[in-house]
Amino acid sequence: MKKLYLATIASNLGMLSYGLCFGWASPSLPVLLQDDNPIRLTPQQATWVTSFQTIGGTIGSLLCYFILNVIGRKWSLLLTAVPAVIGWMMIALATSAWELMAGRFTYGLSTGYGYIAATVYMGEISPANIRGILTSTLTIASKLGVFIEWTIGPFLSLRNLALVSSLGPIIFFFSVLWVPESPYQLMRSERHHQAIKSLMQLRGSTDVSVEADAIEKSVKIDLANDTGLWELLRVSGNRKALFIVLGLVIIQQWSGSQAIMSYAELIFNATGDQLQGKYVTMILGAIQVVCTIFGTTVVDRFGRRPLLMISAFGTSVSTFLVGLFFFLQNNETDVGMITWLPATGSILYVIMYAFGLAALPFTVMSEVFPTNVKALGTGIGMFVCNGSAVIVTSIYQSIVEQYGIHAAFWLFSTISLSGVVFVFYYMPETKGKTLQEVQEQLHGR
């Protein structure tokens, strides 16, 4: 299965490049808010510079629906590198807040449909027994990109950081040139022989007739019912899949991940601790990568449901602790003895988030939609995901200024806790099931 792992590595290079974009704000905003910086931002402008990436991602997720089935999964992945490189160049050459916003928006287009293309592609090329692990590696790569940006960002100028970061999508582009197209996409395009060849490359075997027949049968059934949005909403199984995906991505984003990723250094600087925020942020990024890797190794062993419930409960506890520190500080309580609490709570958040909420919503997204509405369902899921991220990053600073940091983190804590209830009552287990078996489960067959 050499080609399978090469395709996995290539897809992960794409996700790493998206992670670089997600991680840019944390080390860059403290510099951009300084009075002596050539591009001096107000707090409101900083919020919009941060948010424009997720606004671009929201638009990109809608564009993906129109291109994913037309040019295929592989070429959709390749296409993400173009706005990514352009976005980084715009950031490197920016002289105003609006130019930074434009660069972030352009890169956001890449992350918006890149996440969908990579998730769909990995879900379709992976064998059922290791699909959870392989799709979860995408999140590892994204977190690694965030960690790299958090580590090198404080020591490079804004221009040099953007130039170095642009290498990510460039390397990704050339790596994807060598991977095969998804056999599902080839079957969908009625290229049967090419689909067989792709499957043999991905499995490292010529004995793929059983799987090829199952894929062909599944695609034919799905395409026979291909009526777009009406099919997604009318059929109970599809409607249930959409409800599950939307619930998971909303809980994921409103658990506080975007706030911690975008404002980590500013949050730690606000504690007044002598340990500089940038070093705590680096430690946080490293722990995030390690825990995401560990979470990936157990996803196909313990299943999606228990890991998601544990993750949601853990993030609820951790954000409550961070909020507790800032509540005490806001009420002028002596917090000199517990300045370690926000860092500890954030580290606990990263650990618990990595075990489920970081990767599993995208894993589930790649599993629950049938071929005929996969692009549309995944596109809507990512649209809501990015839309939620826009709202979180946009209103976080407003909540902080009006009610205090503790109010924002206690809001995240409450929503994470509701995620436990959602997963328990509505989330089916998909561990170890083929994509066809998942459909039979959702449709009650």
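Analyst: Helix H14 supplies the largest share of the lining of the largest cavity, namely five residues; helices here are DSSP runs (H or I, at least four residues; strands are E, at least two), numbered from the N terminus. Please keep in mind that this is a predicted model, in which local features need pLDDT of at least 70 and side-chain atom pairs count only at pLDDT 80 or more, while totals for chains, interfaces and linings use all residues. Residues are numbered from 1 along each chain as its sequence is written, and side-chain values use heavy atoms, with hydrogens and water left out.

User: What volume does the largest cavity have?

Analyst: Its volume is about 200 Å³, where a cavity is a set of points on a 1 Å grid over the protein atoms alone at which a 1.4 Å probe fits but cannot get out, and lining residues have an atom within 4 Å of a point. The lining of this largest cavity has 19 residues, and those closest to the centre are Phe-22, Tyr-115, Gln-253, Gln-258 and Phe-362. Two or more lining residues come from each of helix H6 (97–125), helix H7 (131–152), helix H14 (236–269) and helix H19 (371–403).

User: How many of its lining residues are nonpolar, polar and charged?

Analyst: The lining of the largest cavity has nine nonpolar, nine polar and one charged residues, with Asp, Glu, Lys and Arg counted as charged, Ala, Val, Leu, Ile, Met, Phe, Trp, Tyr, Cys and Pro as nonpolar, and the others, Gly among them, as polar.

User: And which residues are closest to the centre of the second largest cavity?

Analyst: That cavity holds about 80 Å³ of space, and of the eleven residues lining it, Ser-218, Phe-369, Pro-370, Leu-435 and Gln-439 are the closest to its centre. Helix H12 (209–224), H19 and helix H21 (435–442) each give two or more residues to this lining, with H21 giving the most, three.

User: Changing topic, how many helices and strands are there?

Analyst: The protein has 21 helices and zero strands.

User: Why does the radius of gyration agree with a compact globule?

Analyst: A compact globule of 445 residues would have a radius of gyration near 22 Å, and the protein has 21 Å, so the two agree; the radius is taken over C-alpha atoms, and the globule rule is 2.2 Å times the number of residues to the power 0.38. Along its principal axes, the C-alpha trace spans about 70 × 45 × 35 Å.

Conventions:
1 Å grid on protein atoms, 1.4 Å probe; cavity = no way out; pocket = protein on both sides within 12 Å on 5 of 7 lines; lining within 4 Å. Points joined across faces, edges and corners; volume = space filled by probe spheres on them.
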